[in-house]
Amino acid sequence: MTDIPQPLHLGRASALPQRPEDAVLDYVPNPRPGKPYLVRFTAPEFTSLCPVTGQPDFAHLVIDYAPAATIVESKSLKLFLGAFRNHAAFHEDCTVGIGERLFDEMQPHWLRIGGYWYPRGGIPIDVFWQSGEPPAGLWLPPQDVPGYRGRG
């Protein structure tokens with residue numbers, strides 16, 4: 001990204017987009033270019049809708065990335081993720097789609113997303129995507145989201 005526009009949401013009132021495709025993600029210049037570091041966003045209360053039943057689905061998302069020229073502005077990311085609240089899609093589509101959109105627009109050195117979905121129909125579904133191998137020397141902490149264990 002050579003020409004970085006001013007953030008649309010930062011410091012302003014912003015309505016929640018009705019659909020993920022309507023959400024505008026803001027990017028700002030990386031304050032530490034040339035330094036290998038990891039940024040982690042955790043969204044423990046992510047929601048979307050089942051595309052078959054219309055019932056709500058819930059996930060704990062963990063997004064890790066190694067910035068290049070830009071970083072994603074957190075308020076715009078929150079609004080983007082919130083736009084899934086009324087979006088009907090399978091767990092795999094939501095998780096991978098979020099990762100791909102962030103990677104395509106931000107163009108970080110590397111990005112991964114873990115979607116730890118709560119059970120529906122008795123089966124938890126965990127979905128993972130990454131853009132490739134992480135950069136050499138990058139400290140990569142585990143995502144540490146425990147597998148679903150039920151009530152026992």
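I began with Phe58 and found it in strand 3 (residues 56-66). Strands here are DSSP runs of E with at least two residues, helices are runs of H or I with at least four, and both are numbered from the N terminus.

The model is predicted, so local features need pLDDT of at least 70, side-chain atom pairs count only at pLDDT 80 or more, and totals for chains, interfaces and linings use all residues. Residues are numbered from 1 along each chain as its sequence is written, and side-chain values use heavy atoms, without hydrogens and water.

Phe58 is partly exposed, at 42% relative accessible area. Buried means under 20%, exposed over 50%, and partly exposed in between (1.4 Å probe, protein chains only).

Then I looked up the UniProt annotation "binding site", from an unreviewed entry. The record lists Val72, Glu73, Ser74, His91 and Glu92. These residues span 21 residues of sequence and lie up to 24.4 Å apart between C-alpha atoms. UniProt positions follow the numbering used here, feature names are shortened, and annotations may be inferred rather than shown by experiment.

I took Val72 next. Val72 sits in strand 4 (residues 70-72). Val72 is buried, with a relative accessible area of 5%. Leaving out residues up to four places away in sequence, I found that Val72 touches partners including Leu25, Phe41, Tyr65 and Met106. Contact means heavy atoms within 4.5 Å.

My last entry is His91. I found His91 in helix 2 (residues 91-106). His91 is buried too, with a relative accessible area of 8%. Beyond four places in sequence, His91 touches Asp57, Trp117, Ile125 and Val127.
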